Structure formats: C-alpha cells, structure tokens
Amino acid sequence: MSHEAHDKIDDGGVHPHIAPVKMYIAIFLGLIFFTVVTVAVGFVHLGPLNLLVAIVIATIKAALVVIFFMHLKDDAKFNALVFVGSLLFAGVFLVYTMNDTGHRGQIDPEQGVEVLPSTGEFAPGGPARPARSVAAEGHEGEPVTADVVLPEHAPQAH
Amino acid sequence: MDTANSHEHGAGHDDDHGESHGHGDHPKFLAHHFDTPLQQFDTAKLGMWLFLAQELLFFAGLFVAYGIYRNWYPDAFSWSSHQLDPIMGAINTVVLLFSSLTAALAVRSSQLGQKSKTSMWLVLTIICAFIFLVVKYFEYEHKFESGLLPGGHFHPHHLHVVRAMHGAAAAGIPDHSGTFFGIYFMMTGVHGLHVLIGIGVMIWILIRNNRGEFSAQYFTPVELVALYWHLVDLIWIYLFPLLYLID
C-alpha cells in the first residue's frame, strides 16, 4: 500500500525515514513561537478578528504537529486521506449545524422580530431571550420582557 | 527466529510476494497472518489513524457545542473566559508541546533501536503529562472554590470573580455564563481523561521497552502511542485559545 513511503528498499522490512533531532527541535521552537504569538494576539482587541487569528494560528500549529511530529509527510497517503477526511466531516458537522442554529428565531432580522407581521409565521428556536445580568450570588434573573411581540409558544430561557 | 511460527504457517502458504526470505526467518514480533514486517507496520498504523479520525469526530461534537453557544451568548463566553487564567493555560500549552517533542524523540530513538534513550524520552513525556494534570488540578480547584461551575451549579462568588475590563461583559455577570463552564469542564475534562489514559498506555509501553520487546525492526507500539499523544496535544492546541483567550 505504501511502499513508496518507505524509501526504495523493498525487502518487506520496516525502514522508516529517520529525521534529524535538529528538525524536531526546530518544529518545537516553531510551536512555542506560535504559542507566544497567539497569547500576544489574545491581549490585543481586534474584535471578531481575534477568533479568526486564533484559529489560523492553532491550525498552523496543528499542521506542524501532524506533518512533522506525526510523520504524515512520510506516511502512506491513505493515512493522510483518513485524517483529512475526518477533518472534512468535522467541518461539515460544524458549518451546517451552526448555519442552522445561528439563524434560529430570525424570520425577519431586519425588523428584529421572530414573527412575520404579515403572515404571523413564527421562527422557533434560537438563543434564550436576553435577561438582566445575573446577580453575583448566581440566581437566574427574571427574563425581562423582550421588545418584540412573541406568540405564546415562544422559547423559554433554558 | 521463531520456528514454531513457521511450522504453523508451513504447508499452505503461497509465496506470491516473492521475498528472498522464507518463513524460516519469521521474526518473533511478526504475527503469522502478515507476510512482512512492513505489511504489519502499515496495517497497525492505518488502524491507529482510523482511531485518531474517530477521536477527532468525537471531539468535534464538543467543538460544535462550543461554536453554537459562543455564537448565541458571546458576552457570557467573553466574561467567562476572563475567569480562566491564561498564564496557567499557556504553561500547560508549553508543557504539552514539549511532551510532544519528547514523544517524537522517543519514537526516533526506538527507530534507531536505542532502548535506554527511548525509555528516557518516554519517562520525560510521562512526567510532562503529570505536570499538565497537576496544573489542571489547581485550575479546577480555583473554579470550584469560586463557584464557577456548569449550568445550574453556577454560583460565582463576588470576591473570586475577575472583573472584565471592557465591552458588554464589564457590566456584570452575563446570563448563560454557566453554559460556558459546562462546555469548559466537559472539553477540558474529556481532554484530561485522554491525558490520564495516555499516561497509563505510556507506562505500559515503557515497561515493554525495558523488557527489550522493541527494536529498530519493531517499534510499532512506541510509534502508535506517540501518535495518540500528538493527537492529545493537537486537541489542546485548539482548546487553549478557544477557552482561555476570548477577547
């Protein structure tokens, strides 16, 4: 399956590509560098960009670990397919689910209502209604009356 | 050489791979349903990658939960994230990254058949794993004392709570902050369980290495436990910024 991944020797033995210690240390230092960057960026306020930058840096670090520490670059291509395939499916899971939950209760976002005034159609689900901040002692605040008209089957705070 | 193995195999085997060596030199580590050490090695590794793919999809559920609730309750996530100690998180990140380096070097040493060096790197990796759990223990203890607990158990105490310096979260404790801590404890808890299991497996591999079971021809178990350990590191690489460093 993967004989090309094990150099040119084809005697049925295991002949791994042995990387120099220097390479491992260089990758480690790279990982530390990106950790410092991610912490530094965490203290800068970039708004929504913060999340994007954090994910991009984490992905660079993850790629370094997978490609060099886990030897995926010298490994059978099929193993890479298994790994990348699972990432792809995790992505489908994340994107489709968030596309759904992110738009719950938003039938007419332009007017900020969950009910189409013309038809009375109701958009269920979505985050719980915003309420007053909880007291530090931690009792759930009474949900304040939302500034939109809600039908009787409006979602309760959960 | 294991002659017993070759006898079992003897009569019916078809030598279609045309190797120069017969089953006479079937090494001890080679299970008799494999033709060659390479075939056995590749099979074991494919199995491990399939397991790691399963692990990723298992954690994906937690990451999706994180995504949904962060999207719904950004203020709660921002406020709650400030209750975590990024210094502790950063120390644990460095500890895990270093343990990944030592795990990779353990594999390298076992590839070269250097038994005592392999043991040394494995021991270092195990020590790092313990340090990680100790730091995690102190973090959890602080959260328990502060009442920063999941869902309905969320009852933060004024004195222990870190005030947010800016943004909407500065106003007070946002609703649904307990949800964040539910996700925090679940994600870090399941990850910590993986660290604990990793320690157990690495001790087992360390014992087997000390018994002299591995060589430059057969280091599969060392390689596989390192792959597992790198995945544990990989998950943490995402957990750290997502939990500790929310603006």
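**View 1. The largest nonpolar core of the predicted model holds 73 residues.** Among its members, B:Ala106, B:Val222, B:Ala226, B:Ile235, B:Leu239 and B:Leu243 touch the most others. A nonpolar core is a set of buried Ala, Val, Leu, Ile, Met, Phe, Trp, Tyr and Cys residues joined through C-beta atoms within 7 Å; buried residues have 20 or more other C-beta atoms within 10 Å of their own, with C-beta atoms placed from the backbone. Two or more residues of this core come from each of α1 and α2 of chain A and from each of α2, α3 (74-83), α4, α5 (115-146), α6 (177-210) and α7 of chain B. The helix α7(B) gives the most, with 18 residues. Helices are DSSP runs (H or I, at least four residues) numbered from the N terminus. This is a predicted model, in which local features need pLDDT of at least 70 and side-chain atom pairs pLDDT 80 or more, while totals for chains, interfaces and linings use all residues. Residues are numbered from 1 along each chain as its sequence is written, and chains are lettered from A in the order in which they are written.

**View 2. Surroundings of B:Ala226.** Apart from neighbours within four places in sequence, B:Ala226 is in contact with B:Ala103, B:Ala104, B:Ala106 and B:Val107. Contact requires C-beta atoms, placed from the backbone, to lie within 7 Å.

**View 3. The side of chain B that touches chain A.** Here 60 residues of chain B are in contact with 54 residues of chain A. At least two residues of this side come from each of α2 (37-72), α4 (86-111) and α7 (220-244) of chain B. The largest share, 19 residues, belongs to α2(B). By class, this side of chain B has 38 nonpolar, 14 polar and eight charged residues. Ala, Val, Leu, Ile, Met, Phe, Trp, Tyr, Cys and Pro count as nonpolar, Asp, Glu, Lys and Arg as charged, and the others, Gly among them, as polar.

**View 4. Helices α1 (residues 21-42) and α2 (residues 49-69) of chain A.** Their axes come within 10 Å and cross at roughly 170°. The helix α1(A) is therefore roughly antiparallel to α2(A), a term for angles over 145 degrees. Axes are lines fitted to C-alpha atoms over the stretch in contact, and angles run from 0 to 180 degrees between N-to-C directions. Residues making the contact include A:Phe34 of α1(A) and A:Ile57 of α2(A). The contact has 13 nonpolar, three polar and one charged residues.

Conventions. Contact = placed C-beta atoms within 7 Å. Parallel < 35°, antiparallel > 145°, perpendicular 65-115°, else oblique. Buried ≥ 20, exposed ≤ 12 C-beta atoms within 10 Å, placed from the backbone.
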